[in-house]
Amino acid sequence: MDMATYLELPTGGRMPILGLGTWQSLQGAARDAVRFAIDVGYRHLDCAYMYQNESDIGDALRQKIQEGVVRREELFIVSKLWSTFHERSLVKQACQKTLAALQLDYLDLYLMHCPMGFKAMEELVDVGMVKAIGVSNFNCKQIHRLLSKPGLRHKPANNQIESHPYLPQEELIKFCQSKGISVTAYCPLGAPNWPRSKPDHISLLDDPQIKEIALKHNKTPAQKGREFADEKCYVLLQVLIRLQIQRNVSVIPKSVTPQHIEENFKVFDFELAQEEMETLLGFKKRYRICALSECKNHKDYPFTED
């Protein structure tokens, strides 16, 4: 199942299709989560300056490399340029801060966190600070506009977007893949611990059709844990992760709980049937968790196509 384990990037790099998300992983907890994840077998780690935990992650990476558990070249480390550093003179400095915090010489993939600015990131590839660059939260029009820019030297290797059964993003994913741009799905489990969620917010973890599919595969349900607000949650998280893998989409479920980190990695021993894929991608319900509402008035706000 090599296709289900790595995605080939336009640069020739190989990105593990399953990674560990580190957003909302608090200092201390992030260090422990990354150490445990590397021991379990994770090699793709998704980071960002804005998450404010890159120093802790760097400590964990250094420890595991020094222990001989993993070599740097076996890891695929992603970080992101935050919107306040899009000024050309600030881009290299921002990347250097991230590299220093993570205690690394280079990043495997550096993404623009929001669709506002790109050109200065190309220079990071030229000087060897990053192996590949990409974008996050870009819509089809923004991807097309970027690819059409005169003088573009480094095509974006990846577009990281929110995707789950209530926001499958079929058109955007197919468009990116048709252009040779890999896709990574964040919030693949519906972000049950989303800090802005309200009691009436829609939960994937309660959907009867998703539960039914999970039961068919006789997998151990994810029970009530510190990361889930609803104690009646019995949805199998592996099914939601496997959904993305079978679309050839990289997926980065976030957790700091060892049991969940380990469970989330057990997705390569079963396959969803075609009709199950169609069910999971066929919901009429639409729900965007990360709406970037604070950026709604920006000229490059990406979700106006919704």
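T22 touches V34, D46, C47, Y51, N53, I57 and K254, leaving aside residues up to four places away in sequence; contact here means heavy atoms within 4.5 Å. This is a predicted model, in which local features need pLDDT of at least 70 and side-chain atom pairs count only at pLDDT 80 or more, while totals for chains, interfaces and linings use all residues. Residues are numbered from 1 along each chain as its sequence is written, and side-chain values use heavy atoms, with hydrogens and water left out.

Where does T22 sit? It lies in the loop between strand 3 (20–21) and helix 1 (29–40). Helices (H or I, at least four residues) and strands (E, at least two) are DSSP runs, numbered from the N terminus. T22 has a relative accessible area of 2%, so it is buried; buried means under 20% relative accessible area, exposed over 50%, and partly exposed in between, with a 1.4 Å probe and protein chains only. Its side chain reaches the backbone oxygen of D46 at 2.6 Å.

Next, two helices. Two packed helices are described by the angle between their axes and the distance between the axes. The axes of helix 2 (residues 54–66) and helix 3 come within 6 Å and cross at roughly 45 degrees. Axes are lines fitted to C-alpha atoms, for helices over the stretch in contact, and angles run from 0 to 180 degrees between N-to-C directions. Helix 2 and helix 3 are therefore oblique to each other: under 35 degrees counts as roughly parallel, over 145 as roughly antiparallel, 65 to 115 as roughly perpendicular, and the rest as oblique. On the helix 2 side, E54, S55, I57, G58 and L61 meet T98, A101 and L102 of helix 3.

Helix 3 (88–102) comes up again with helix 4, whose buried residues pack against it and against strand 5 (76–81), strand 6 (109–112) and strand 7 (133–136). Which residues of helix 4 are buried? In this helix, residues 119–126, they are A120, M121, E122, L124 and V125. Just after helix 4, G128 takes a positive phi of about 85 degrees.

Last, the cysteines. How many disulfides are there? The count is zero, a disulfide being a pair of cysteine sulfur atoms within 2.5 Å. For C176, the closest cysteine sulfur is in C140, 6.5 Å away, so that is too far for a bond. C176 is buried, at 0% relative accessibility. The sulfur of C187 has its closest cysteine sulfur in C290, at 6.2 Å, also too far for a bond. C187 is buried too, with a relative accessible area of 13%.

Terms used:
Polar contact = N/O pair within 3.5 Å; in protein donor to acceptor, adjacent residues only side chain to side chain.
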